[in-house]
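Dear colleague,

I am passing the structure on to you below, followed by notes on what was found in it. Please read the notes with the structure open beside them.

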Amino acid sequence: MTEDKIIADQEVNRESMEAPSGDNFMLEEAHSDRKITRLERWLGPENYRILRGLVKTPASIIGFILVFIFLMVAIFAPVIIPPVGRDPYKMPRDGFSGEPKPMGAEWKRNKPEIPFWYKAVTGKDKWVHILGTAQGQYDIFYGIIWGTRTAFKTGFIVVVATVLIGVIVGSIAAYYGGLTDNIIMRFVDIFMTLPYIMMALILTSVLTPVLGKSILPPLIAMISFGWMGYARIIRSDILSIKERDFVLAAKVSGVKNSRILFKHILPNAIFPTLVLASLGIGDVVLSFAALSFLGIGTQEGYADWGQILSFARNWITSLDRYWYIVVWPGLTLVLFVMGWNLIGDAMRDVLDPRMRGKS
Amino acid sequence: MTNYIIRRLLLVPVILFGVSVIIMGMLQLLGPIERSALYVKDFPKNDRQVDGIIKKYALDRPFHEQYWRWLTGVKDPVTGHREGGVLYGDFGYSRSASQPVIDIIRTRFPNTVELALWTVVPMLSIGIWLGIKAAVYQNTWVDQLARMFSIVGTSFPTFVFGLLVLILFYAKLGWFMPGKMSDWANQVVRSPQFVNYTKLLTIDSLLNGRFDIFWDALRHMILPILTLSYINWATYVRVMRSSMLETLRMDYVTTARAKGLTEGVVINQHARPNAMLPIVTMAGMSVVGLLGGVIITETVFNYPGIGKATADAAANLDVVTTIGMAIFSGFILIISNLIVDVMYAVIDPRVRLS
């Protein structure tokens, strides 16, 4: 409650400070020099500032590069390693023996076709297990490449769904205020008390018998317990927009409540939420991998990073020999999450109210 | 302040009610027969037995009736014996562990508490120390290193970090191992000569004068402690750094410097105590999180706490146990949150005096 008030106050202060009052010729001069690009006009000055702050620091640029590389891998997965069998998300198995094979071991059964880059890079005519195999002879390289698609897919679905729920709940609470707001936000509080991973774990294990072992139960579970943060952010943003004059004007001219909310307030309030949400993909992928690591969620052999890592759990005593089961998918996951975190770090600086108005 | 505490206390039952309704509500996705597993102690001998349980606990009735029966259980009118009832400590029977859920909690929870207690020490001290160093040497290599450390730390998933330290310290070097204690230690602990005073192994072993067991227990706990600390350090360093930077810019710090105090005194005695305020809340939240069961860390290191129990049950699709665990950790979280809030009110003069 108080937090929102502070944000709202800052919003008011900022406006009273920034708005040119009286005949401040120096301010006018400073403004007349700056060219306003089309992008800036389209986004508005505040949103444009956020966007520009994002691509300024070296850290965030590294982040963007990392994310871009992963995106390319996901898009060109069939070119990098062609799918084997009918379901491309099923990792091909080279036999059924339990013991992992080392890196560079020959690939005997269920080989994919040889892509164009293979000979040039490895100098070999036949497929080998570039990064070795995990328990059950699942090829780790295949799992990592196609796992990138799984990562983006899960991240995208969960983020879109949680933002939708969060925006609907948060805007209803903020716009109607009073008792409605109070009830909804207490509900949000209760959801936030629950430990996220544990609740996702439980809901997945309840849903799995109903829906079968697939990617669906963990997705639904993560959506059900992941929307509260967005609801809070959008609520506080709407609370500050709600007090603006144009909303009052719309109210006075008799516009319907729902129309004011969706046509006037939301478009002005939603940008920070959207940016934050797009960065949430890293966290979603992390939680999804954690659930697979714990052995619930996707069916065995599904190409996702957490599952390859979970195979390592059975070989803990001899991990010095089978280190590649952990290191390669682990490194992939770390780089993926780090990419999003680096962008997110820049984001936090840009969105920090104390930084507003600077540069 | 009394007002604040009373308001906070009144909120507890409301939250508990909400949490239990959400958790119980998830069970509605299952059919009555699957739900009946909540109350079955053995494999049901025939369908009639299952029907009886469904009837007894109103499992085919509307939600509020089921919820009430689940909360209070059913009292046998003849013997006066009560069956079920979360309020009476009956969380159902765990199929995957073959024992009542409450017994799992009873044996596992002390282990989780022990891990949490041991983790707090390095987590707080090193995190705060690094954060202060980063702020004092702002923009030098110390600062850059600390920030790098923090970014890498936030990007490391617990289980990847855990598996990596297992490769190094267990598989390669053999210094520290996963699990709770060695077999020989387990035999000693189970022998009648060994008295369990607190159920916390490290403390009990000291009280019994068995330093070898203390050392063995510590060796098993070092890797999870390291993992949990590292994951948390990242946040502590960042928060402590920015809070310290803000404090160092305050007028009273300049005054202290102008008085001619040494830099060490200024930082440690004037700036640090005030810069620590945000850390107090965070520390409280971390401890609360640690007590609620650290599912992934406990699973990676095979540490027998309630988090591991929850993960095992979920992997076996044992809904009863996971639900029981969730209710229990929800309860722990809410109560410890309350304690942290009240403590914070006592510490912070702005809340205390309002």
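Domain bounds, as used here, come from an automatic or database domain assignment. For chain B that assignment gives domain 1 (15-90) and domain 2 (102-347). Please bear in mind that this is a predicted model, in which local features need pLDDT of at least 70 and side-chain atom pairs count only at pLDDT 80 or more, while totals for chains, interfaces and linings use all residues. Residues are numbered from 1 along each chain as its sequence is written, and chains are lettered from A and ligands numbered from 1 in the order in which they are written.

The C-alpha centres of the two domains of chain B lie 37 Å apart. Where they touch, domain 1 of chain B gives 12 residues and domain 2 of chain B gives nine, two residues being in contact if their C-beta atoms, placed from the backbone, lie within 7 Å. The domain 1 side of this contact has nine nonpolar, two polar and one charged residues; here Ala, Val, Leu, Ile, Met, Phe, Trp, Tyr, Cys and Pro count as nonpolar, Asp, Glu, Lys and Arg as charged, and the others, Gly among them, as polar.

As for chain B as a whole, its secondary structure comes to 17 helices and four strands, where helices (H or I, at least four residues) and strands (E, at least two) are DSSP runs numbered from the N terminus. Its C-alpha trace spans about 85 × 55 × 40 Å along the principal axes. Of its 354 residues, 37% are buried, a residue being buried if 20 or more other C-beta atoms lie within 10 Å of its own, exposed if 12 or fewer, and partly exposed in between.

The contact between the chains takes 41 residues from chain B and 40 residues from chain A. On the chain B side, the elements that give two or more residues include helix H1 (2-26) and helix H16 (319-347), and by class that side has 29 nonpolar, 10 polar and two charged residues.

Leaving aside neighbours within four places in sequence, A:Ile202 is in contact with B:Met26, B:Ala314, B:Thr322, B:Ile323 and B:Ala326.

With kind regards
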